[in-house]
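Subject: A structure for you to look at

Hi there,

Here is the structure I promised to pass on to you. Have a look around it first, and then read on for what turned up.

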Amino acid sequence: MRIDTLRLVGSAQTNRAMEAELVRIAGKTVGARPPAPKRDGTGQLAYPWDEALATAALTYHRTSTRVVRDLYSSGARRLEPLYDELAADVAADDRGWDRAVRTISVEVRRVAEFAAGERQVVGTVKNAIVDGARARGVTLAVDGERPDALVVARLDDRGQVLIGIDLTRGTRTRRGWRRDAGEAPLREHLAAVMAIEARYDPRKDLLVDPMCGAGTIAIEAALAARGAPVHGDAPALWPATKPIIVAGDRDLDVVAAARDNARRAGVDLIMHRGEFAAITRDKLLAWAADAGTVPPAGLVLCNPPWGERLDVADARLLYGALADWWRSLGDFRAGILCAHPEFEYAFGARWKMKKPLSASSNLRGYFYLYEPQ
Ligand SMILES: C[S@@+](CC[C@H](N)C(=O)[O-])C[C@H]1O[C@@H](n2cnc3c(N)ncnc32)[C@H](O)[C@@H]1O
């Protein structure tokens, strides 16, 4: 069956952040609020296809990992009916998605329930598309390395096979500005999710990440504040926004790497090398004044160490000290991503929001939001 859907794919539990970010971007780029999306699981949003909205998402949307145009769906569970249906749909397709396409590559996801192996599904989808296009006089070849179009096929929650074009051509969480540093750099799109979940407002909030590692949170927040493109050289959406962002770490090498990363990303951060406890409210306000403005509110946004090397006693000390420091700042909010089982207890404060957010595939983390107490 022919369908036409704009699909934003992200990490689990990020639908709300992805939707809020698209509303903000669409307001500036297409001048209209997108329709309410259909939610597919906790990390996928589906909108009716809209070329302008898709271009905006592709260019500026930071919280998704993929932007996909779904073109066909099928309820088939075996290879032959899938081939027949898809080849016929492609042959009858007049939308021209393959007009400028010479080569394709096919990826499949979540097809475990399909009555065939992954490779066979790939082969069937590929043959159906190539044969269907040929029936319209379009010649498509396969190029696994650098295809013009990356075709993705997967099963959705309702058991339909969806076939579409991944407009991001693979995951785009790697932004290009980052050289990894420190123990566990956060994936970039999750840093963008944290800023949105914490309601970071660059016009009002002084943002501080006192344990910045590679600088991911600070840099993503600065780029989002300006509405910088995720890839390419489109103009920033809010070029005049000058966020005040402090990033610190006690590890000298890590601070140097974060500074390099910020330079590559083209953002200005106020860098601090040292223990977070040395960052006082007075210092923050003085740095902000030096940088031009003192924002009226403040937000701590960070992901503290949580690895196995951190034993329970050390974890309690560290998270307890972090809570004391955060309180000492006065009226700052705090948004913290942590996967350590001791965190919530040791931090001690009552959270306003707690939601599962996994910083890596093997650790179940949570994002906590605290209001000044
Ligand atoms: C999980 S990493 C942060 C990763 C970072 N979000 C990124 O994307 O690269 C935690 C960082 O906290 C730093 N750190 C640990 N204890 C600290 C302390 N007391 N003061 C300042 N930084 C500290 C470590 O050096 C490490 O870089």
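Let's start with Val125: is this residue buried or exposed? Val125 has 27 other C-beta atoms within 10 Å. The cut-off for a buried residue is 20 or more such atoms, so Val125 counts as buried. Please keep in mind that this is a predicted model.

Val125 sits in helix H4, which covers residues 118–135. Which residues does Val125 touch, once its neighbours within four places in sequence are left aside? The contacts are Leu86, Val106, Val151, Ala153 and Ile163. Take Leu86 as an example: Leu86 and Val125 are 39 residues apart along the chain, yet 7.5 Å separates their C-alpha atoms.

Strand E5 (residues 103–109) pairs with strand E6 (residues 141–142) in the parallel sense, over 2 bridges. Within that pair, Ile104 lies opposite Val142 of E6. To get from E5 to E6 the chain passes through H4, making a right-handed β-α-β crossover. E5 also has a parallel pairing with strand E7 (residues 149–155), this one over 6 bridges. There you can find Arg109 opposite Arg154 of E7.

Now move along the chain to strand E13, residues 332–338. How many of the residues in E13 are buried? The count is 7 of 7, so to speak a strand that is mostly covered. Phe332, Ala334, Ile336 and Cys338 point one way from E13, while Arg333, Gly335 and Leu337 point the other way, and all of them are buried.

E13 has pairings with two strands that you can trace. With strand E12 (residues 297–302), E13 pairs in the parallel sense over 5 bridges. Cys302 has Ile336 of E13 as its bridge partner. Between E12 and E13 the chain runs through helix H9 (residues 312–328), and this β-α-β crossover is right-handed. With strand E15 (residues 366–370), E13 pairs in the antiparallel sense, again over 5 bridges. Here Ile336 has Tyr368 of E15 as its bridge partner.

Time to zoom out. The protein is split into domain 1 (2–166) and domain 2 (188–370), and the centres of the two domains, taken over C-alpha atoms, are 34 Å apart. Where they meet, 18 residues of domain 1 are in contact with 18 residues of domain 2. On the side of domain 1 that touches domain 2, helix H1 (15–29) and helix H2 (51–60) are the elements that give two or more residues. H1 supplies the largest share of that side, with 6 residues.

The C-alpha trace spans about 70 × 45 × 35 Å along its principal axes. Buried residues make up 45% of the 373 residues. Of the contacts with a separation of 6 or more, 75% are between residues 24 or more positions apart.

Happy exploring!

How values were computed:
Residues are numbered from 1 along each chain as its sequence is written. This is a predicted model: local features need pLDDT of at least 70, side-chain atom pairs count only at pLDDT 80 or more; totals for chains, interfaces and linings use all residues. Domain bounds come from an automatic or database domain assignment. Two residues are in contact if their C-beta atoms, placed from the backbone, lie within 7 Å. Helices (H or I, at least four residues) and strands (E, at least two) are DSSP runs, numbered from the N terminus. A residue is buried if 20 or more other C-beta atoms lie within 10 Å of its own, exposed if 12 or fewer, and partly exposed in between; C-beta atoms are placed from the backbone. Two strands pair if DSSP finds at least two bridges between them. A crossover is right-handed if, with the strands pointing away from the viewer, the path from the first strand over the helix to the second runs clockwise.
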